[in-house]
Structures are given as structure tokens and as C-alpha cells.
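Please look through the sequence and the model first, and then follow the sections below.

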Amino acid sequence: MSRIDDGLPIADLLDERRQLVAMARWLLGSGREAESAVDECYRRWYGLSDDERERIGTPRSWLAGVVGDLCLSRLALPDRDGGLPGAESGPEERPAGLRLSALDSLTPAERAGLVLDDVLGTTRETVAEVRRLPDTGPTTPADEAERVVPERPVRSSSARQHEVMAHAVRRACAEEDEALLASLLAPDATAVFDGGGKVRALVGPVHGDAQVARSVLRLLARHPRTTLDTHSVNGRTGLVVRYEQQVAAVISLDVADRHVVQVWVVLNPDKLRSFNPGRP
């Protein structure tokens, strides 16, 4: 597997989306519009072929270029009210490194260019390339995964067996013990990473005990602000991952014959709202 096939740590996934949303909100002056622009950005990412994604050397810069291009397009719409970018944001929410006095005289396009080139380190060539990208349909990686993951024959375990396996998986993940985690998985184990098209999760299912173990451990890479605990998920013991007190992932396990046969990792922030009451 390549680095891109192994996925990203949760801390990187959340920080990436937060940075893109902050940039779009400062440019558009609307939190709702910013979220919409970032969602569209990720749809374009998932609309690329595997080869096209593999050829992108710095995905975060590519994504920033797409967001900037989308913001420019929205700022150019004739029905916009002409408000200044960042109208809803306080000074602390502006991308770091920008001097307010130097920005007051800039046009929206010039502001976007400054954010892209100076703050996020992208280039004009990156933005030009983004503008040639076609729009994609509403299909998300989760939709694709539901079609790709084969149905397994019914294999079940007792609640006690399931709980024991869930705690063993948590221990292996907490200790970052790839060999131990792989030993807890069935040889034909499958993992699905449901990002809902809203974070840069793995696109397709991962198959095989060694591959699943590597991808799960990369997602759960040790970070001072990331915690992993067991928790009831769909009536059985699963895992809950928190990043800065926010539930960032919920992991459910399908256990049979004393092995984990399927891992379903929910990273879609929309599906995690019930775990994060009161958060926007």
C-alpha cells in the first residue's frame, strides 16, 4: 500500500477540514457558505480517479486551491450582497499571518490569492489546474463502500465474546501493536472508512488482516490530544475516538469465531452529531 492508501491520522483529518473551513469563512463571510464550499471541495477530491489522486503531491494544498477557486466563483455571483469577507468572523478567526491594514484595499479576488499563495503556500498554477476540474455527482465514499463491500454469511458471537474482543482491539490500538491487532482480525477481514465525503478518509474498503491493521493504526496514530475508549455502539461494545474532547470517530466491530471479521469506522461528522451535542 502507498502512503495515500494507508490514510491519514484523525488529527490530520480534522485539522485539515478546520483550516479549509476557516479559510472559506474568512473569504465568504458566512459559516454556512464556508461549510458548503468545503463539502464541494471534498466532492471534487473524491471525483478524481485513484491515479489522479496519487499524482497530487500535496493534497492539502490542492484542496486549498479548490476551496479558493470555489470562493472566488461564489464571490463573483451577481446576487451576492457585496459584504466584506470575514463579516461573521472575529479577528482571531482570520488565517494567521494576514495584516488587516494591508487587506482593506484589496478586492475579493486579491484577498483569495493572498490567502492561497502566502498563507497556505499554494501556487497560481494549482488554482488554474483546479478550475479545469469537472463537477462531480453526489456519490460519496460511503455510498460506494455500501456497494463494494460484499455481504458476509451470518456469523455471530456472544455479547461477552464481543466485549472481550473489543477491549483487546482497543489495547492493540493504544499500544500501536500492529502484529497484535492483525492477530485479532480474520484473514479476510474488511475495514470500511465512512467519511461521508466530508473528510479525506480512505475511498474504498481495505481487505486482509495486515492491511486493515495498518490502516486502522495509521488512523489512530498516537497524538497528545487524541484518546481511544470502549463504548456501546449499536448495542455492542465498540470504540470511540476523541480529538480535543470532540468525538472524531466511532468504530463498530463484527466479531465471529473469536476474530474481528469487519471494522466499520464512522468519520462522517454528520453521523457523529449525537455524540457531540451542542457542537456546531
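## Terms and basis

A residue is called buried when its relative accessible area is under 20%, exposed when that area is over 50%, and partly exposed in between, using a 1.4 Å probe and protein chains only. Helices (H or I, at least four residues) and strands (E, at least two) are DSSP runs, numbered from the N terminus.

The model is predicted, so that local features need pLDDT of at least 70 and side-chain atom pairs count only at pLDDT 80 or more, while totals for chains, interfaces and linings use all residues. Residues are numbered from 1 along each chain as its sequence is written, and side-chain values use heavy atoms, with hydrogens and water left out.

## The chain as a whole

The protein chain has 12 helices and 6 strands, and of its 280 residues 48% count as buried. Where contact means heavy atoms within 4.5 Å, residues 24 or more positions apart account for 68% of the contacts in the protein chain with a separation of 6 or more.

## Helix α10

Helix α10 covers residues 159–174, and its 16 residues should span 22 Å at 1.5 Å a residue, which agrees with the 22 Å between its end C-alpha atoms; the expected span is 1.5 Å times one less than the number of residues. The buried residues of α10 are His 162, Met 165, Ala 166, Val 169, Ala 172 and Cys 173. Seen down the axis of α10, these buried residues fall within an arc of 125°, so they line one face of the helix; the arc is that of the directions from the helix axis to the C-beta atoms.

On the face of α10 turned away from its buried side are the exposed residues Arg 160 and Arg 171. The cover over the buried residues of α10 includes α11 (178–184), α12 (209–219), β3 (226–233), β4 (236–243), β5 (246–256) and β6 (259–266). Just after α10, Glu 176 takes a positive phi of about 55°.

## The sheet and its helices

An open sheet of mixed pairing is formed by 6 strands in the order β2-β1-β6-β5-β4-β3, where two strands pair if DSSP finds at least two bridges between them. Because β2 (206–207) and β3 stand at the edges with a single partner strand each, one side of each is left without a neighbour in the sheet. Strands β5 and β6 run antiparallel and are joined by 7 bridges, and Val 250 stands opposite Val 266 in β6.

Helix α10 packs on the sheet, touching β3, β4, β5 and β6, and its direction makes about 25° with that of β4. Axes are lines fitted to C-alpha atoms, for helices over the stretch in contact, and angles run from 0 to 180 degrees between N-to-C directions.
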